[in-house]
Amino acid sequence: DSTTSSSKKRRWGRKKKEPPHLGTVYGDEWPSVKRDKSAKKLKNMFGPEFTKIHGDWKKPSVALIGSGEAKVPTGRRLVSVALLDGSQISLTAEIKSTVGELLNLVMTHLSLKERFFFGLAVKKDDDEFWFMDPLKKLRKYASPSWRTQASAPFQAYFCLKYYIDNLNIIKYTQTLHLMYLQMKRDVAENRQLYCHEDSALVLASYALQADYGDCEAEDDSYFNASIYVRPPVIEKLTEAYVKELLFKMHRQHRGLTQPQAQMEFILEMQRLSEYGLAFYKVKSGRDDAVENTMLGLGVRGLVVFETSGSGSDAKTPVKKFAWQQTHWITFKEKRFTLIPLKDRTKLHYYTNHYKKARFILRFCQELHKFQVLMTKRIAAEKEFAEGKGPEIADSDSDDDTKSQRSLLVTAISSSPPVRRRAEVEETASPDESAPAREVKIIKLIKAEGRGLGLLIVGGYMPKTGEDYGIYVKSVAPEGTAGIDGRIQPFWACSLQKSSS
């Protein structure tokens with residue numbers, strides 16, 4: 001009837017009474033709200049009572065555990081992160097926490113400023129490290145027991161993700177130090193990385209200089225050879241001979257500071273044919289019983305190896321593909337497909353799980369993207385170096401290695417040596433290690449109806465902690481900047497709006 005319909009209309013058409021606008025809350029500054037009768041019903045929405053409802057609004061989803069804390073808070077899970085110096089840090093995280101939140105906390109704990117070279121990884125079978133996506137939840141990578149049991153820890157590894165070819169883009173000695181720690185572990189522990197015994201001894205001698213400084217000892221009893229040289233080399237040459245030779249080589253590096261020795265170590269690492277490669281086992285055929293093929297992924301490209309056993313000496317490179325020579329990469333279930341640009345022949349490789357094929361594809365995309373960004377960054381740095389910037393060249397050549405060494409020795413010799421975070425909280429300033437730049441201040445007056453005409457790329461990614469800098473990608477000819485003609489593509493820039 002009409003009475004029922006009118007009551008329904010009043011009931012469904014009735015609007016909810018909205019609480020007064022509280023404005024934006026900054027820190028602990030709360031707006032003053034006058035309480036009235038309507039406020040009694042909505043008292044939990046006003047003023048400081050908001051903190052009673054959402055008591056953890058200030059509490060981060062990931063937090064470090066203090067030395068005296070033994071119990072994991074309710075609703076959180078235990079996470080352990082292995083650092084490059086061999087130490088472990090314990091954290092608590094909510095189940096809904098992302099990898100990026102955990103990574104940002106670890107980097108803040110290390111006071112790391114150049115963050116985009118590093119990442120968090122999980123360790124799989126056969127010592128394979130899978131880098132986690134910063135945008136994904138931690139529970140995607142943890143075991144089922146971690147989601148339900150507060151005492152089950154989740155183990156993550158803080159690793160160097162991108163191995164660079166040109167060291168001149170590094171601005172802080174702390175970044176150089178962390179890269180050195182990762183590469184020292186690669187030489188001593190990575191069973192898949194091939195390193196000839198001669199190169200292994202040279203690298204170990206620079207590592208001794210970086211760790212101990214000038215040799216003042218009278219014999220070789222001050223160091224453990226197994227920390228610097230992998231076991232196969234020690235077994236082949238005997239431990240006594242290795243220690244005696246390293247003792248003599250260490251004395252020859254007298255005078256090198258810690259950053260200089262670390263830089264020499266990295267430059268020597270770059271001479272290795274398998275520098276910067278992450279290895280993952282696959283099968284060349286769908287029905288193969290064992291994984292007889294290995295993919296080496298790096299910033300330069302992808303290398304295919306045939307394996308005949310275990311160890312670094314049991315693999316042979318058969319195909320190499322630079323990212324510029326790759327037409328297409330895809331995966332479907334357990335199959336990973338690569339199509340070269342030259343002949344467009346499909347190369348199929350098979351994994352033991354579809355997640356591994358998906359990870360390899362995503363890692364290839366990230367490596368290629370990083371190479372493109374670094375190429376643009378080096379080009380932008382060159383514009384500001386007044387002709388002294390590093391040339392983009394193949395780092396395998398001796399001339400390029402010598403040029404990097406001479407430039408970095410000049411830059412590092414004037415900067416203080418790297419100290420541990422407990423000794424000093426701040427790293428060297430950019431002026432101490434970065435080359436001199438020419439800074440131009442250009443004022444543009446934007447005409448009515450016409451934009452600046454600048455396409456800006458880069459910036460800081462808060463979720464991943466990556467900072468690529470801000471650069472001019474292109475300049476529109478019809479825009480204000482294009483008509484002015486002073487701003488060029490690939491310039492690093494900082495924009496500031498002025499009312500004058």
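Predicted model: local features only at pLDDT ≥ 70, side-chain atom pairs only at ≥ 80, totals over all residues.
**Exercise 1**

Find where S205 sits, and decide whether S205 is buried or exposed.

*Solution.* Next, check the accessible area. S205 has a relative value of 0%, and buried means under 20%, so S205 counts as buried. Finally, look at who's around. Setting aside neighbours within four places in sequence, S205 touches L246, M249, H250 and H253.

**Exercise 2**

Work out how the rings of F359 and F363 are arranged: stacked or edge-to-face?

*Solution.* A pair of aromatic rings is described by the distance of the centres and the angle of the planes. The model has 17 aromatic pairs. For the pair F359 and F363, the centres are 5.6 Å apart and the planes meet at 20°. Ring centres within 6.5 Å make a pair, and planes under 30 degrees apart count as stacked, so F359 and F363 are stacked.

Now place the two rings in the chain. F359 and F363 are both in helix 12 (residues 354-384), 4 residues apart, which means about one helical turn separates them. Then check burial: F359 is buried at 5% relative accessible area, and F363 is buried too, at 1%.

Zoom out, and you'll see F359 and F363 in a cluster linked by ring pairs, together with W130, F131 and Y280.

**Exercise 3**

*Solution.* Over its face lies K124, 4.9 Å from the ring centre. Then go to F223: here K243 lies over the face, at 5.2 Å from the ring centre.

Conventions:
Residues numbered from 1 in each chain as written. Heavy atoms only, no water. Buried < 20%, exposed > 50% of the residue type's maximum accessible area, 1.4 Å probe, protein only. Contact = heavy atoms within 4.5 Å. Phe/Tyr/Trp six-rings, centres within 6.5 Å; stacked < 30°, edge-to-face > 60°. Helix = DSSP H or I, 4+ residues; strand = E, 2+ residues; numbered from the N terminus. Lys NZ or Arg CZ within 6 Å of the ring centre and 35° of its normal.
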